[in-house]
Amino acid sequence: MANIELRGVEKKFGDVFAVKPLDLTIKDGEFIVLLGPSGCGKTTTLRMISGLEAVTVGQILLDGRDVTWLHPSERDIAFVFQFFALYSHMSARDNIAFPLQAAGMARHEVKERVAQVAALLRIDHILDRKPGALSGGDQQRVALARALVRRPAAFLMDEPLGALDAEFRETMRAEIKKLHLAQHATTVYVTHDQIEAMAMGDRIVIMSAAVVQQVGTPTEVYHNPANLFVARFIGSPGMNLVKAKVEPDGARLPGGGLAPISDRWRRALEGSGLEDGSVVLGFRPEAVQVHDGGALRAGVYADDLHGGYTMLHLELADGEIIHGRAARDAMNALGSAVRFDLDPDMMRFFNPETEMAILS
Amino acid sequence: MSDVRLENISKRFGDTLALEGISLHIHDDEFFVLLGPTGAGKTTTLRVIAGLEKQDDGHVYLDDRLMDGAQPADRDVAFVFQQYSLYPNMSVYDNLAFPLRSPLRRLPEGEIRQRVTGAAEKLRITHLLERKTARLSGGEMQRVSIGRAIVRQPRIFLMDEPLSNLDAKLRESLRVELKHLQKTQGSTTLFVTHDQIEALTMADRIAVLDQGKIIQNGTPFDIYDRPATTFVAQMVGTPRINLIAAEWQDGAYRTPGAALSFARQNGAAAEKVLVGVRPEDVRPGAGDFRGEVMLVEPLGVETILHIRTGEITLLCVVSGLSSIQLGEVLSFGFAVERLHFFDMNGRRL
Amino acid sequence: MANVANAPRQKVVISTRVDKVSTGARVTSSVRAAIAVIVALIMLIPVAWMAMTAFKTRPDAVAVPPKVFFEPSFEGFVSLLTSRRQLTNDEIAVYQQRTDLGWADQIALIRGQAITGPSAFPRQLLNSLIISGVSTVFSVGFGVLSAYAFSRFPVPGKDDLLFFILSQRMLPPVVVTIPIFLMYRQVGLHDTHIGMVLLYTAFNLSFSVWLLKGFIDEIPREYEEAAMVDGYTRLQAFRRIVLPQATTGIAATTVFSLIFSWNEYAFALMLTSDAARTAPPSIPLVLGTGGIEWAAIAAGSLAFLIPVVIITFLLRKHLLRGVTFGAIRKG
């Protein structure tokens, strides 16, 4: 098992940065997720750790050993690809045994190891089938088994659930995480799906435009996003973000309503040096509390059932749409007016110029 | 007025039966969703209505007129495809104007301009009108596709998974916009999807399809709260419903692999049943059962707990961030009035 | 899902570390470019030699060692485009006194000949143009229609039919020349434009159906279906939507068909004699008196090359994509 350290690692393709200088320490046994939209540099970062891509500048250390210029095979890591990369002419068993045979391991030992890992992933019954005859979920299980069987120092996974149907994805998500809990191997996991990242990551590294936006636990990135990008990207839907003005009695929303601010935030906002009190106010859908005595008003733009709850889409006086989570029987007629309050503890503020969060 | 009726539609492709006796009635102004897995026959149904595919059996009525022999062009329906339906050699404006310039309509250019700009405003794509379609993002393309349907003012909008090629954020916002548009325009819409969230959030009514047959037809609440089969129960809701096999023993349904028991609900009289419990109906903290937390998935707005009891792992959703830790042993109960009972063939009891 | 396993796509590519030595990479790529230019130049030598020979006089053309520098002359072109008569020494003397001679006559006179009229070559070139042009239009036109049908409709026995169509192309032309010659003589198509157009169209059609079907398969059918739902008939949708998108394929097929029928030799030799004779069989026959007229042959080849070069040049933008078709697959 190993820790991984990236020191000032960057990657340029020609003059374009794929990854801007990045420092990151991944602790032994940690499950870390690189999250971001396509083209943000997360896969490139993963590939640099694996050695499939060379760094332009910087150092990569595995357990304190400089591996920056080592060939992938010399790094003692395993890579799981999105499209499984199984050898179609070999049975699942041979696929799994392949890396061990490459290392010249004795036959009986190979057999033993394959049996172990197959039991762990519950794929014993499909070992003799060819990949073509397996479902997507089973193919990915075989691919995982092939990675696991080597007992590498670290696992690198590049959107391993991306090619699976929704129904398999949820199950496999839990399986991979349980596997990690059982093995505690250092894992770097790349995804563009924020739900996957939240559900699986011990910590999440959120990237956009080749730059790391925030590194934090799921709770941190959800409740205290470092900037507007993270606020929008995490959550489904993302954080509501509206232009507001800080006044003595609270935050003035577009279209007039006044939302009270807690003392803690009042102090933080006073110290933030904002010129005319203009801020971006952010709040999660669950901070919206619809009730008849609410101080704020909006019209119902649309509402929809999500199974266990209803999502209200409310139109503020200036046409801005915000989302609020409500009880599942709270269906309102389209266009009708509703009143609501915002939970003062769940309000967050951002500097409209720098787009960075104001810290309390 | 627009009103679509399918009577007993069947369709074969070679040896496979794609549709088997599909009957549907879509009312004026209704947002109707066909929900089902890949290969269920959703798209085929849509194509039969559009006239792009000819049914082997049964009838299609549009506004009570029999349409079985009519060409696609004569049916006055609009089709929004999953992808690839904007003409790459034309500008956005020409794409939107294309249906209005068809030999069937041949509207004067003045009126075309009016309708195109009107639709563009509604979809907020006015700034894109002069662009070539190849230079649009996925979301913009799909908006233009929808715009091309709107300018026609057709009897019915047929939409074939129009959101499924977009990324999650975009899908979310277009979903809301589409629903708002449909409600304010009052346009009859038949929407095909395999995404249960799209179905639940947008539909007035949902028909769940599987292997060419309609399994259940009802409002989102009907489908979610009273699923007709285990298939439907598993199809809607995320995380998925827990299905637990139980046997009648000593005055309750008990599970062989775990110490769970469920009181008999009215009507459920079988010896062996499958009990369906939605994850939000598993209530940790208080209750008669105990289990160990095997996995915690904090999604921010809610937290998914995997609770192991005996040989069974139950999924449980609690709102917000949970203080429950991995490995914790806790007691839990069920929202008894919201349990679902199915017979061993998966039919609701 | 099933065949995903067979194809490790995208991410599996193990990148080489060229970026680590980026200056080296730049050198490599310029070396590559230089090699490509050199190869292209070597390939062009015969063509260049031909073009040079066309402007040589007869002695220059056969000079040993070959002359790279020479005084250009139109002698080859005059020999190619005219028929001439050998003059006696007396006549030469008379001619040399005349002042009403055109520049062509003077060139002929240098070799002691007088021009008696135009040769058959211009007409043969015209025949080539007509026959290959019309047959190309037909084979591409019918080809695009039947390729569309094969691509879009459930044609019974589609795969077999497509194979049969292609197998026609496997036949060496020589094998069928005699039967076709006999047939054509019977029905009066021998040495007619129609006969040759018919033959070339038939020959090219198989090829163009195959090529075009590939291109049309690549055009998503949703485009036409959208147009049909929008109020257009299938034919209108085909014309307005499919054809504009198939231009690349049509251009590539056009050039290939044209080159085939333009260059075709065996059939033309057997099935034409005079009225419909095309250029290929006659160029090598521009034999003058007393030896091979290399300059004339080269001039004929050059004249023959030019139309194809022009068309290929006009369509080059489409061709570049068309030729690499199949190598590029959309992920």
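How far apart do the C-alpha centres of domain 1 of chain A and domain 2 of chain A lie? They lie 39 Å apart. This is a predicted model: local features need pLDDT of at least 70, side-chain atom pairs count only at pLDDT 80 or more, and totals for chains, interfaces and linings use all residues. Residues are numbered from 1 along each chain as its sequence is written, while chains are lettered from A and ligands numbered from 1 in the order in which they are written.

Start with chain A as a whole. Its C-alpha trace spans about 75 × 45 × 35 Å along the principal axes. The chain holds nine helices and 20 strands. These are DSSP runs, numbered from the N terminus: helices are H or I with at least four residues, strands E with at least two. Of the 360 residues in chain A, 48% are buried; that is, 20 or more other C-beta atoms, placed from the backbone, lie within 10 Å of the residue's own.

Next, the domains. Domain 1 covers 4–232 and domain 2 covers 238–350 of chain A. Such bounds come from an automatic or database domain assignment. Four residues of domain 1 contact six residues of domain 2. Contact requires C-beta atoms, placed from the backbone, within 7 Å. The domain 1 side has three nonpolar residues, no polar ones and one charged.

Finally, the partner chain. Chain A brings 27 residues to the contact and chain B brings 33. On the chain A side, helix H5 (166–183), helix H6 (194–200), helix H7 (218–223) and strand E16 (296–305) each supply at least two residues. By class, that side has 12 nonpolar, eight polar and seven charged residues. Here Ala, Val, Leu, Ile, Met, Phe, Trp, Tyr, Cys and Pro count as nonpolar, Asp, Glu, Lys and Arg as charged, and the others, Gly among them, as polar.

How values were computed: Contact = placed C-beta atoms within 7 Å. Buried ≥ 20, exposed ≤ 12 C-beta atoms within 10 Å, placed from the backbone.
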